[in-house]
Every structure is written in C-alpha cells, then in structure tokens.
Amino acid sequence: MPTSAELDALLARCSRREPAAQRALYARYAGRMLGVARRYARSLPEAEDILQDAFVKVFTHLSEFRAEGTLEGWIRRVVVTTAINHWQSGRLRRQNQAAPLDEISDPPAADSSALDQLNVAEVLALMEQLPDGCRLVLLLYAVDGYSHREISELLNIQESTSKAQLSKARKQLLQLYHRQNNYIRL
C-alpha cells in the first residue's frame, strides 16, 4: 500500500498527464473497479467500456478530487455514475426488455430467509436476471450503499419509486431463487 506522500506524487504526475503515472493509477484500481462496472453491465465488454469511460473521467477531473474520502471511493463513485449514465443513455438497455421504473408490477411476497442460504456469486447471478430498473436500485442501495435520496437523484426518479423498486427487486430475487430451486429438484 503506498504512503500518502507516494499517492500524492502519483496524483500530481497524473494531473500533468504523464502516461506512465496514468498507467500506474489505472493498474492499481482497474481490477476492483471492473468488478464494480461488471455488476451494472450485462456483459464483460460493456463493463470494460464503462471502466474505460470512467477512467477517462477520472483523469480529466482528477483536480476535483478533494481527498475528503479515499481515492478508491472517489473512483468507485465515478465508475457507478458512469455506469448509470451508460444505462440512461440506452447503451446498456435491452430494446424489448426495458420497462420504465414506474411500470414494473409487484411480484407476490416470498420468504426472504431462502436468500440467506446463497453465496455472493449465486445472488449476483440471480440479480443479473432482474429487470434493469430493479437491478440498478438494488445494486445502488444494497451493494454500493447509496441512500434512496441519492438514488432518486442519480436515476432521476422519486424517492418513493426507489423504495418501491428495492422492494420489487427483493421479491423478484426470491421468486427467481424459488424457480431455480424447483427446477433443480425436478
């Protein structure tokens, strides 16, 4: 782990647009940030596009980093915002499967204890099957720790819509789990 002085020196070199410094910063954070981008994308190539666009923004707006939190946290926020911008611009939407956030119907309630038995990879695989709106709200809230107010601002929706989509996402995850479990037992 680099010292604060080493990181400050690296950031100063990146601000001067030194390619070697930019490569070093990218190499330090790209792996973890690709994981963040992958959660929001429907495929690895889409996640790689998000990551590339996010790092262009990181290098372009590096002077806006105020060191009030960690650099990794700031880069993560840039990646998440970039992923949402991609989704909103339609680059990640599926033409026939996208439904407006307000138009997704409520699934019936299910037992939430079933999801407690799954590992992270299984939950993420189930999450990929959710409609984009529900998946985004669930990722932002449960995985990345955004509040409903922040989600409403990011997605340009009402706070109540964010809360409703989170509830729907959880119920749909349970339905997917039960459907998968019943299929396996047959």
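In helix α4, the residues L71, W74, I75, V78, V79, V80, T82, A83, I84, H86 and W87 are buried (under 20% relative accessible area with a 1.4 Å probe, protein chains only; exposed is over 50%, partly exposed in between). The model is predicted, so local features need pLDDT of at least 70 and side-chain atom pairs pLDDT 80 or more, while totals for chains, interfaces and linings use all residues. Residues are numbered from 1 along each chain as its sequence is written, and side-chain values use heavy atoms, without hydrogens and water. Helices are DSSP runs of H or I of at least four residues, numbered from the N terminus.

The buried residues of α4 pack against α1, α2, α3, α6 and α7, where contact means heavy atoms within 4.5 Å. The axes of α4 (residues 71-88) and α6 (residues 132-143) come within 12 Å and cross at roughly 170°; axes are lines fitted to C-alpha atoms over the stretch in contact, with angles from 0 to 180 degrees between N-to-C directions. This crossing makes α4 roughly antiparallel to α6 (angles over 145 degrees). In this contact, V80, I84 and W87 of α4 meet D132, G133, L136 and L140 of α6.

Y26, F55 and F59 form one aromatic cluster, in which rings pair if their centres lie within 6.5 Å. Three aromatic pairs are found in the whole structure. The ring centres of Y26 and F55 are 4.8 Å apart with planes at 65°, so this pair is edge-to-face (over 60 degrees). Y26 lies in helix α2 and F55 in helix α3, so the pair ties together parts 29 residues apart in sequence.

Conventions. Helices (H or I, at least four residues) and strands (E, at least two) are DSSP runs, numbered from the N terminus. Angles under 35 degrees count as roughly parallel, over 145 as roughly antiparallel, 65 to 115 as roughly perpendicular and the rest as oblique. Rings of Phe, Tyr and Trp (its six-membered ring) pair if their centres lie within 6.5 Å; planes under 30 degrees apart count as stacked, over 60 as edge-to-face and the rest as tilted.
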